[in-house]
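User: I want to check the labels in this annotation against their cut-offs. Take me through them one by one.

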Amino acid sequence: MEEGMKRSLKNLFAKTPIDVLSEIPDIAISGIALDSRKVQSGQIFAALSGGQTDGHRFISQAIANGAVVVVGNQPDISSDVPYVQIKGDTRQALAYLAAAYYDFPARKMTVIGVTGTDGKTTTTNMIYHILLKAGIKAGMISTVNAVIGEEVLDTGFHVTTPEAPEIQHYLARMVAAGVTHVVLETTSHGLMQERVTACDYDLAVITNVTHEHLDYHGSYQAYLEAKGKLFESLAQTPKKAHGNIRAAVLNKDDRSYAYLKRASPDDQISYSMMHEATLWAQEVENTPAELRYICHSADFIVQVKTPLIGIYNVSNSLAALAATVLRLNVPVEIALQALAEMPNVPGRMERISLGQDFNVIVDFAHTPNGLFRALETARGLTSERVIVVFGSAGLRDRKKRRMLPQVAIEFADLTVLTAEDPRTESLNEILADMAAGAELKGGVEGQNFWRIPDRGEAIRFALNKAQAGDLVIVCGKGHEQSMCFGNTEHPWDDRTAVRAGLSELLNIEGPAMPYLPTQDAVS
């Protein structure tokens, strides 16, 4: 359907399981919004409760911007337009209403969900490219971008899984474009906040579940259970005209395996680098040019090659092969060819070279496990020193602030601690926590680790420290296009910053170092 097309409010509610506690007005609506500032004329305003704000406080603003009806879960709300009170979570209602508005697009496609702590985006891209190589009309929604046919839409501005109306809009556009399969990168926040409700998954894939987002979830078990919602949802997916798969792809090497095995439907595929499984890898070789290994299954033994370096990409590619070859019926030869031709995923082990005599890589690694895997890969790519630059985000999991530097001190030769989205926290206090973590692991400030608050200056420092054959790896931001100081997002790209630093070092033309507020303190 076209964006802005009118829909009957009563008909929308009739198609959903939402429990309504008040009368539904017989009016037509032209869309759904959850941000009162972005409401357009003729739309529903979903007043979300919980979190840091209560949407019911912004009803008047939403109406001023054109809302014709308000949906919320609070009683006795006074409003100049009809107010529909629902029972339960307004976020869930928002997702169902958005899906109904777009005529439940997920039910017209095969939906592959990919979740996990590290490797989600890469695995999502692998599955997508294998499907394309097989001649399947596929779409993709990741934390980097959404791909609909030839159109690529950026989603990398500090978002995880997009909000439900955006997802359903993307899915509807895919249906209109003739897409039959969509790969949806699915975060724990997206699952817990009902953003992916009514996405009607057919196939669920896990990469791993390690230490991350414990500031939000509270504990590893709660975080694991949030991931498990994807696998539990397979049983609730409605019957689709083209058939239902209802299968889970599980990592037998990960501590999540036992729990997700119980949470998943009977149709399960396991993959492993250490144990026999449905798919397992042996004879792994990780070179600066490519990653290769032997993949075993009951039906075939094949060599896998991919230019995406890093031992962890063995697991990512096994997960992609399990989903596409074993459940989506892609011929294994086609899948192998797709992996061999995989384009680089933005900000994932992305090499930057302007002719310098040392290697530079930008990577998104921002968890203890992710940083370990990135440094493990870096160590295998040089016989000289590994120099790492990274920070730790403000208003996020504080335990990581000491865990990350401990990983760096153990597996890198030189460590540079710097800013990474301090938000409203004190950057100096964040760096003090990180320095304490480094010292706990035997780090000595000024000898094998440094604190440099300005990220641009930190990158310059690392590049100037590098000698012939060394490897500098800048971690934590990857593809992201901004850095948050206070409540302001400043344009920032690690790859641009690295090119700026290299061009200065080599005395050649290049981009200017992007501005951050910390530059004012060092200028």
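User: Why are both faces of strand 14 called covered?

Analyst: On one side sit A247, V249 and N251, on the other A248 and L250, and all are buried. Buried means under 20% relative accessible area, exposed over 50%, and partly exposed in between, with a 1.4 Å probe and protein chains only. In a regular strand, side chains alternate between the two faces of the sheet. The count for strand 14 is 5 of 5 residues buried. Strands (E, at least two residues) and helices (H or I, at least four) are DSSP runs numbered from the N terminus.

User: Before going on, what kind of model is this, and how are residues numbered?

Analyst: The model is predicted: local features need pLDDT of at least 70 and side-chain atom pairs 80 or more, while totals for chains, interfaces and linings use all residues. Residues are numbered from 1 along each chain as its sequence is written, and side-chain values use heavy atoms, with hydrogens and water left out.

User: What makes strand 13 and strand 14 a pair?

Analyst: Two strands pair if DSSP finds at least two bridges between them. Strand 13 and strand 14 have 3 bridges and run parallel. L203 stands opposite A247 of strand 14. Strand 14 also pairs with strand 15 (residues 268–272), through 4 bridges, again parallel. There, A248 has Q268 as its bridge partner.

User: What handedness does the unit of strand 14, helix 9 and strand 15 have?

Analyst: Strand 14, helix 9 (residues 257–263) and strand 15 make a right-handed β-α-β unit. The term applies if, with the strands pointing away from the viewer, the path from the first strand over the helix to the second runs clockwise.

User: How do you know that K240 and D202 form a salt bridge?

Analyst: The rule asks for a side-chain nitrogen of Lys or Arg within 4 Å of a carboxyl oxygen of Asp or Glu. K240 and D202 come to 2.5 Å, N to O, and so meet the rule. This pair links distant parts of the chain, 38 residues apart: K240 is in the loop between helix 8 (220–232) and strand 14, D202 in the loop between helix 6 (188–192) and strand 13.

User: Are K240 and D202 buried or exposed?

Analyst: Buried. K240 has 6% relative accessibility, and D202 has 1%.

User: How many salt bridges does the rule give?

Analyst: The count is 26. One of them joins K477 and E480, with the closest N and O atoms 2.8 Å apart. Both K477 and E480 are buried. Salt bridges with shared partners also join R398, R401, E425 and D433 into one network.

User: Why is R398 called exposed?

Analyst: Its relative accessible area is 52%, so the label is exposed. R398 lies in the loop between strand 21 (386–390) and helix 13 (400–411).

User: Why do the buried residues of helix 11 line one face?

Analyst: In helix 11 (residues 332–340), V332, A335, L336, A338 and L339 are buried. Down the axis of helix 11, its buried residues fall within an arc of 160°, so they line one face. The arc is that of the directions from the helix axis to the C-beta atoms. An α-helix has 3.6 residues a turn, so residues three or four places apart point the same way.

User: What covers those buried residues of helix 11?

Analyst: The cover includes helix 4 (120–133), strand 18 (301–306) and helix 10 (312–326). Contact here means heavy atoms within 4.5 Å.

User: Why is the pair Y101 and Y102 called edge-to-face?

Analyst: Rings of Phe, Tyr and Trp (its six-membered ring) pair if their centres lie within 6.5 Å; planes under 30 degrees apart are stacked, over 60 edge-to-face, the rest tilted. The rings of Y101 and Y102 have centres 5.0 Å apart and planes at 90°, so this pair is edge-to-face. Both Y101 and Y102 are buried.

User: What makes F372 and F411 edge-to-face?

Analyst: Their centres are 5.0 Å apart and their planes at 65°, so F372 and F411 are edge-to-face. F372 is in helix 12 (residues 368–380) and F411 in helix 13, so the pair ties together parts 39 residues apart in sequence. F372 is partly exposed at 23%, and F411 is partly exposed at 28%.
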